[in-house]
Amino acid sequence: MTTSDLIGKIIQVLVGLAAFAAVLGLVLFFIDRAPKKGRDVIQLVAFLLPAMILVAIGLVYPAIRTTITAFGDKAGNFIGLDNFVWMFTQPEALVTLRNTVIWVVLVPLVSTIVGLAYAVFIDKSRGERIYKALVFMPLAISFVGAGIIWKFVYEYRPAERDQIGLLNQILVWFGQEPVLWLQTEPINTLLLIVVLIWVETGFAMVVLSASIKGVPIEQLEAAELDGTNAWQRFRNVTLPSIRGGLVVVVTTITIATLKVFDIVRTMTGGNFNTSVVANEMYTQAFRAVQPGRGAALALILFVLVLPIVIYNVRVMRQQKEIR
Amino acid sequence: MSDNVVDLPLPGAAKPRDTTFEVVAADLTKAGRVKRRLTSRTATIASLVIAVIWTIPTFGLLLSSFRPEELIRTTGWWTVFQNPGFTLDNYRDVLFSSSSSAPQLGSYFVNSLAISIPATIFPLVLASMAAYAFAWIKFKWSGALFVFIFALQIVPIQMALIPLLQMFTTALQPMQEQIHAAIPIIPEDTYLQVWIAHTIFALPLAIFLLHNFISEIPSEVIEAAKVDGASHSQLFFQIVLPLALPAIASFAIFQFLWVWNDLLVALVFSGGTADVAPLTQRLAELSGNRGQDWQRLTAGAFVSLVVPLIVFFSLQRYFVRGLLAGSTKG
């Protein structure tokens with residue numbers, strides 16, 4: 001990077017920010033001086049329209065286009081359901097779907113359970129904040145960074161040499177042969193899943209910890225006076241009252257898992273039968289130049305996310321009615 | 001009234017024999033305390049184990065990034081006491097080395113910043129304006145439109161990538177070329193596409209969250225200002241924005257981290273050159289092509305982690321608040 005490059009970049013950012021501020025400032029300046037008659041409408045338009053236009057051209061229109069593309073071939077001719085037939089019949093596409101299912105089952109389940117257990121264990125303990133920060137930290141890290149961190153843990157060296165990956169070293173300590181983790185099926189998919197669990201547990205822990213602190217202390221004490229043990233109290237008092245938090249956690253993690261892309265891309269590139277829908281979508285659309293197949297996979301992603309969101313919205317409504 | 005109120009026992013704890021009750025209760029809590037101490041010991045051990053497992057991978061990477069290349073390649077970081085040796089060469093190499101095989105992360109680092117800062121400011125400003133309109137300007141279809149925006153969150157960005165890229169190529173590319181012709185110091189590939197893409201993808205959630213906050217500003221405050229003759233833009237800048245600042249701040253942290261850590265949007269819209277591409281993209285590339293260069297990958301990964309970790313540890317409180325409010329983003 002030369003100095004002139006750097007200056008060019010700084011100028012770009014400044015020009016971008018200045019242009020943005022200037023346009024907004026002008027618009028707001030003029031709507032305050034708009035003729036009294038239509039002022040309300042003009043003001044509404046000025047406040048709302050920029051966001052609405054962006055959303056329309058950036059989300060609504062593309063979503064419709066992608067839906068149409070999913071039913072076409074490379075040249076855009078209508079081919080009906082062929083892309084979906086490809087998805088559900090070709091072995092390599094089926095592996096992708098199978099992997100996605102494994103991801104979606106394991107990640108929300110394990111990270112919610114571990115996150116909940118951890119949140120309960122550290123609740124009101126000494127050093128709670130440090131405990132939280134340690135498990136929470138991966139959430140601030142990019143998936144790419146997380147991928148590299150774990151690739152290092154899984155690194156392989158032939159048995160006659162010193163291991164530099166922690167996992168293989170542990171095997172060696174126990175007298176086993178080191179394994180080429182990321183190339184070995186089916187364990188490699190599970191090891192990629194570990195990375196996302198590592199990230200999402202922190203999220204589950206923070207949200208659930210906040211819900212646990214909201215459990216009425218009187219109920220817990222009352223249950224204790226009734227002679228219940230810690231597990232019964234947890235099962236019968238805590239768990240029902242944090243149901244809302246659990247729903248949020250599970251649905252959010254499920255959606256994040258469905259869209260997982262960076263981890264697979266960084267660690268295996270989708271090779272060795274580790275691909276998932278979101279990664280395959282990218283590969284098909286941008287590498288294999290099969291926009292129809294890519295769009296069909298994106299559409300499947302949408303269809304998978306839809307029921308989860310609907311359920312979430314319904315639970316939210318119910319809770320509002322109870323209040 | 002408070003005179004007559006005896007300390008009411010809790011509903012679940014109400015027992016007929018009041019005098020013995022206290023003794024029993026004392027006994028119970030004593031037993032309970034012992035039991036609690038026992039369970040808390042297992043709990044402490046369990047949480048220690050989890051905390052250690054969660055921290056070790058990052059710690060190993062951090063430690064390795066300061067070890068000389070030769071040692072990283074031949075020995076594990078846990079043998080650091082048998083094989084001591086620390087160096088900053090890895091960081092010097094990944095950040096500043098100008099040899100063509102070096103990662104040259106310096107310029108990608110600048111790109112990450114140049115992408116993240118505007119891509120945080122733009123959507124926040126636009127979203128708070130829209131949220132204000134939804135909350136305090138009455139118009140037909142306001143409710144329906146708001147629900148529609150909320151629903152847009154479920155469109156996976158994967159669905160929007162291809163058409164958006166096509167639109168950018170036809171509409172934005174010529175404009176960028178003209179700017180380049182007029183002001184040569186600004187390259188042909190600019191951040192513009194990445195900025196716009198991130199702004200668009202952030203809007204639905206940002207509007208939703210900020211609306212929740214802005215609509216809870218007491219209506220007396222707004223009405224009073226209106227009576228005083230404040231225009232909408234005065235209201236927005238002088239009353240709504242200052243009051244909504246905590247919500248805006250926590251969303252800003254989120255958006256910043258999200259953009260900084262993003263790979264997919266960068267891959268599609270940045271073109272992949274050192275002019276525009278962010279750190280994540282460069283690192284993903286290195287991890288794929290030069291997966292054995294651990295002295296570069298470890299240092300490079302930490303270069304990319306350092307900004308999020310600083311943001312995270314210094315602004316953790318706001319981060320958690322934003323998380324609890326916005327736990328619907330996928």
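How many residues of domain 1 of chain B are in contact with domain 2 of chain B? This is a predicted model, in which local features need pLDDT of at least 70 and side-chain atom pairs count only at pLDDT 80 or more, while totals for chains, interfaces and linings use all residues. Residues are numbered from 1 along each chain as its sequence is written, and chains are lettered from A and ligands numbered from 1 in the order in which they are written.

Chain B consists of domain 1 (11-93) and domain 2 (103-325), with bounds taken from an automatic or database domain assignment. Ten residues of domain 1 of chain B are in contact with seven residues of domain 2 of chain B; contact means that C-beta atoms, placed from the backbone, lie within 7 Å. On the domain 1 side, α1(B) gives the largest share, four residues. Helices here are DSSP runs (H or I) of at least four residues, numbered from the N terminus.

Chain B also meets chain A: 94 residues of chain B are in contact with 99 residues of chain A. Helix α1 (residues 18-65) of chain B supplies the largest share of the chain B side, 16 residues.

Within chain B, helix α4 (residues 105-136) and helix α7 (residues 192-214) pack at an angle of about 40 degrees, their axes 7 Å apart. Axes are lines fitted to C-alpha atoms over the stretch in contact, and angles run from 0 to 180 degrees between N-to-C directions. The two helices, α4(B) and α7(B), are therefore oblique to each other, a term for angles that are not under 35 degrees (roughly parallel), over 145 (roughly antiparallel) or 65 to 115 (roughly perpendicular).

Conventions: Two residues are in contact if their C-beta atoms, placed from the backbone, lie within 7 Å.
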